Amino acid sequence: QDLSLPNGTPVDTSSPASSSSLLNRLQLDDDLDGETRDLFVTVDDPKKHVCTMETYITYRVTTKTTRAEFDLPEYSVRRRYQDFDWLRNKLEESQPTHLIPPLPEKFVVKGVVDRFSEEFVETRRKALDKFLKRITDHPVLSFNEHFNVFLTAKDLNAYKKQGLALLSKMGESVKYVTGGYKLRSRPMEFAAIGEYLDTFSLKLGTIDRIAQRIIKEQLEYLVELREYGPVYSTWGGLEVELSEPLEGVSACIGNCCTALEELSEDMTEDFLPVLREYILYSESMKNVLKKRDQVQAEYEAKLEAVALKKEDRPKVPTDVEKCQDRVECFNADLKADMERWQNNKRQDFRQLLMGMADKNIQYYEKCLTAWESIIPLLQDKPETK
């Protein structure tokens, strides 16, 4: 039977071996608009720094661009996690109407995860690389002056201390208002967005918790398998006639151990981080929605204040018009970012689930091959008279 992906791409199901090619075709989707891009950023080469007061990791951030805003076509700087955090905070301050991509959590459970281990550092590197690529692909955030400084400044600490003197005009005109205004009700389309985000983060959180339990159980099962296999080898030492098939079973279980270990690593390094990123992403979107509500509440309050004033020639004050502009700006930017986020989400989860299917197929194929390999040892054994 012919199957097809949500975007209409045909899928050949004639052989499980074709699963890898499916994933490769999906990965090509990310690069379709590569020719039109003029800014490329990568995060790599993590290095550990041990100082008197602290130990930390820095990452190399490489930028290649043809944009006129940059003095050079290529930059290479080193940044630590707190520098990425500084960038995100600055983007939130200067671009309050836009959805800022989330960073991976700074803190880890002490004693459970070693934040200097090779696996953790690589997982974080991937997340930081994705964070910058999200910003790079954004039509507004990628032109932010703080982002430019982050990518180009050799000494970022100097900018952190002095700060940039001027925010963008958009940031000046659409500051987050922290007054005591209360919104009467959200417009229907934004209420629907809020309900969707609540449901989405709840479902994703449930999947995340169950997936973590499954991985934990897989690792416990792996411990048992590692003890289980060698028993057949020791048994084979006592049974001369059965030694070959028993050794075969031991080797088979060892191969299954290796396959399960690879599957668990893929789940931990590739599947869980995407779930966590989108849980954080939904929280970021909720925060932007709250800011939009606050600006609308301020606008409604100012309109009421004007209406209560008895004037022969009622005129809408300039500050009310500016507030209305802020509301319209928030609405337009939030809807555009929501659409962009939904498109990215569909592509990311399509690739994630196809990758998960691919890894599971590989796991079961390896186990099948391992068990099939011992059948000849049993069938070809001559019967004793």
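In what order do the elements of the chain run from the N terminus on?

1. The model under review is predicted. From the N terminus on, its elements follow the order β-β-α-β-β-β-α-α-α-α-α-α-α-α. In total the chain holds nine helices and five strands.

2. Two figures describe the chain as a whole. Of its 385 residues, 40% are buried. When contacts between residues at least 6 apart in sequence are considered, 72% of them join residues at least 24 apart.

3. The sheet deserves attention next. It is an open sheet of three strands, arranged in the order β3-β4-β5 with antiparallel pairing. Strands β3 and β5 (74–80) are the edge strands, since each pairs on one side only. From one strand to the next, the twist averages 20°. As background, the strands of a sheet pair through backbone hydrogen bonds, and the pairing may be parallel or antiparallel.

4. How many bridges join strand β3 to strand β4? There are ten bridges between β3 (residues 39–50) and β4 (residues 55–65), and the two strands run antiparallel. A hairpin of four residues leads from β3 to β4. The pairing can be located at Asp44, whose bridge partner in β4 is Arg60.

5. On its other pairing, β4 meets β5 in the antiparallel sense over seven bridges. Here Lys64 has Glu74, in β5, as its bridge partner.

6. Helix α3 (residues 118–136) lies across β3 and β4 and runs at about 150° to β3. Helix α4 (residues 145–152) packs on the sheet and touches β3, β4 and β5. The direction of α4 makes about 90° with that of β5.

7. How do the axes of helix α8 and α9 cross? In general, two packed helices are described by the angle between their axes and by the distance between the axes. The axes of α8 (residues 243–308) and α9 come within 10 Å and cross at roughly 170°. Angles over 145 degrees count as roughly antiparallel, so α8 is roughly antiparallel to α9. The contact of α8 with α9 comprises, by class, 38 nonpolar, eight polar and 15 charged residues.

8. Is Asp337 buried or exposed? Asp337 is found in helix α9 (residues 318–379). Its relative accessibility is 4%, and buried means under 20%, so Asp337 counts as buried. The side chain of Asp337 makes a polar contact with the side chain of His98, at 3.0 Å. Leaving aside neighbours within four places in sequence, the residues in contact with Asp337 are Thr97, His98, Leu99, His138 and Met285.

9. Asn287 and Leu99 are 188 residues apart along the chain, while their C-alpha atoms are separated by 8.7 Å. Leu99 is also one of the residues in contact with Asp337.

Methods:
Residues numbered from 1 in each chain as written. Predicted model: local features only at pLDDT ≥ 70, side-chain atom pairs only at ≥ 80, totals over all residues. Heavy atoms only, no water. Buried < 20%, exposed > 50% of the residue type's maximum accessible area, 1.4 Å probe, protein only. Polar contact = N/O pair within 3.5 Å; in protein donor to acceptor, adjacent residues only side chain to side chain. Contact = heavy atoms within 4.5 Å. Pairing = 2+ DSSP bridges. Axes fitted to C-alpha atoms, helices over the stretch in contact; angles between N-to-C directions. Parallel < 35°, antiparallel > 145°, perpendicular 65-115°, else oblique. Nonpolar A, V, L, I, M, F, W, Y, C, P; charged D, E, K, R; others polar.
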